[in-house]
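Take a look at the model below. Keep the sequence beside it as you read.

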Amino acid sequence: MGAGKTTVAQLLAARWGLPVRDTDQDIEAAERREISEIFVDDGEDHFRELERAAVAAALAEHDGVLALGGGAVLDPGTRELLAGHRVVFLHVGLSDAVKRVGLGVGRPLLLGNVRSRVKALLDERQPLYSSVASATVETDGRTPEEVAEEVARAVETSQTRETGT
Ligand SMILES: Nc1ncnc2c1ncn2[C@@H]1O[C@H](COP(=O)(O)OP(=O)(O)OP(=O)(O)O)[C@@H](O)[C@H]1O
Ligand SMILES: O=C(O)C1=C[C@@H](O)[C@@H](O)[C@H](O)C1
Ligand SMILES: [Mg+2]
C-alpha cells in the first residue's frame with residue numbers, strides 16, 4: 001500500500017496508449033460498496049476470493065495495464081493466475097509508505113497504528129512480492145513519473161529481449 005500501483009499504472013497506460021484497470025476499483029464497482037465495508041462485513045478471506053475473481057476477469061478481458069491490490073499476491077490462486085504475465089513489483093520502504101498512506105483511510109489493514117501495521121505487512125509480504133515479480137522497481141524518493149519511466153524501461157527491455165522488436 002502506498003507503493004503507487006494505481007498512480008503509476010495510469011501513467012504507464014497513458015504512455016503506451018493502452019487502457020488501464022485496477023482490481024480494487026473493479027471490486028468496488030461490482031460490489032457497489034467500498035473495500036473497507038467488504039472487510040468489515042465479510043472479512044479478508046472473502047475479499048481475497050473477490051480479488052481472485054477480479055484478477056481472473058481482468059486478465060481474460062483486458063489487454064493493457066493492470067494495477068493490483070497490495071495484498072493480491074497473498075492468495076495462491078491469484079499467484080497462479082499471474083504466472084506468465086509481466087508483473088512489476090513497486091518496492092516502497094517503510095518511511096515513504098507511511099508518508100504516502102497518511103492516516104490509512106480506506107485501507108482496512110492499516111487500522112490501528114499505521115506505522116507498525118505497514119512495517120508488519122512489508123516484512124511478511126516481501127518474499128511473496130519478489131517471488132511473483134518479473135521485475136522490481138524502487139519507488140523511494142522518486143516521483144510517480146520517474147517510477148513510470150523506470151517500469152517502462154524494464155518492460156520495454158524485456159519485450160525487446162523476448163521478441164526482438
Ligand atoms: N512515487 C511517489 N512519490 C510520492 N507519492 C506517491 C508516489 N506514488 C504514489 N504516491 C502517492 O501515494 C498515495 C498512494 O498511491 P497509490 O494509491 O497509487 O498507491 P497503491 O500502491 O495503489 O496503494 P493500494 O495498495 O492501497 O492500492 C497517493 O496519494 C499518490 O499520489
Ligand atoms: O495490501 C492490502 O492487503 C490491500 C491493499 C489495497 O490495495 C486493497 O486491496 C485492500 O485495502 C487490501
Ligand atoms: Mg491502488
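This is a predicted model: local features need pLDDT of at least 70, side-chain atom pairs count only at pLDDT 80 or more; totals for chains, interfaces and linings use all residues.

Find Thr6 in helix α1, which covers residues 5-16. Is Thr6 buried, exposed or partly exposed? Count the other C-beta atoms within 10 Å of its own: there are 15. A buried residue needs 20 or more, and an exposed one has 12 or fewer. Thr6 is therefore partly exposed. Now set aside its neighbours within four places in sequence. Thr6 is then in contact with Asp22 and Ala67.

Ala67 sits in strand β2. With 25 other C-beta atoms within 10 Å, Ala67 is buried. Which residues does Ala67 contact, leaving aside its neighbours within four places in sequence? They are Lys5, Thr6, Ala9 and Asp22. So Thr6 and Ala67 both have Asp22 as a contact, given the 7 Å limit between C-beta atoms. Ala54 gives a distance to compare with the sequence. Ala67 and Ala54 are 13 residues apart along the chain, and their C-alpha atoms are separated by 11 Å.

Return to the record. The unreviewed UniProt entry also places the feature "binding site" at Asp24, Arg48, Gly70 and Arg125. Take Asp24 from that list. Asp24 lies in helix α2, residues 23-31. It has 20 other C-beta atoms within 10 Å, so it counts as buried. The cut-off for buried is 20 or more. Asp24 touches Ile35 and Gly69, not counting residues up to four places away in sequence. Gly70 is another annotated position. Look for Gly70 in the loop between β2 (65-67) and α4 (76-82). Gly70 is buried, with 23 other C-beta atoms within 10 Å.

Next comes Val8. Like Thr6, Val8 belongs to helix α1. Val8 is buried, because 25 other C-beta atoms lie within 10 Å. Which residues does Val8 touch, not counting those up to four places away in sequence? The answer is Leu90, Pro144, Val147, Ala148 and Val151. Look at Val147 in that set. Val8 and Val147 are 139 residues apart in sequence, yet 7.1 Å apart in space, C-alpha to C-alpha.

Most residues other than glycine have a negative phi. Arg32 is not a glycine, but its phi is positive, about 55°. Where is Arg32? Arg32 is in the loop between α2 and α3 (35-61).

Finish with two helices. Helix α5 spans residues 94-101, and helix α6 spans residues 114-132. Their axes come within 10 Å and cross at roughly 130°. That angle falls between the roughly perpendicular range, 65 to 115, and the roughly antiparallel range, over 145. The two helices are therefore oblique to each other. Their crossing is right-handed. Which residues of α5 and α6 make the contact? From α5 come Leu94, Ala97, Val98 and Val101. From α6 come Val114, Arg115, Val118, Lys119 and Leu122. Sort these residues by class: 7 are nonpolar, 2 are charged and none is polar.

Technical notes: Residues are numbered from 1 along each chain as its sequence is written. Chains are lettered from A and ligands numbered from 1 in the order in which they are written. Axes are lines fitted to C-alpha atoms, for helices over the stretch in contact, and angles run from 0 to 180 degrees between N-to-C directions. Helices (H or I, at least four residues) and strands (E, at least two) are DSSP runs, numbered from the N terminus. Angles under 35 degrees count as roughly parallel, over 145 as roughly antiparallel, 65 to 115 as roughly perpendicular and the rest as oblique. A crossing is left-handed if the near helix is turned anticlockwise from the far one by less than a right angle, and right-handed if clockwise. Two residues are in contact if their C-beta atoms, placed from the backbone, lie within 7 Å. Ala, Val, Leu, Ile, Met, Phe, Trp, Tyr, Cys and Pro count as nonpolar, Asp, Glu, Lys and Arg as charged, and the others, Gly among them, as polar. UniProt positions are given in the numbering used here, feature names are shortened, and annotations may be inferred rather than shown by experiment.
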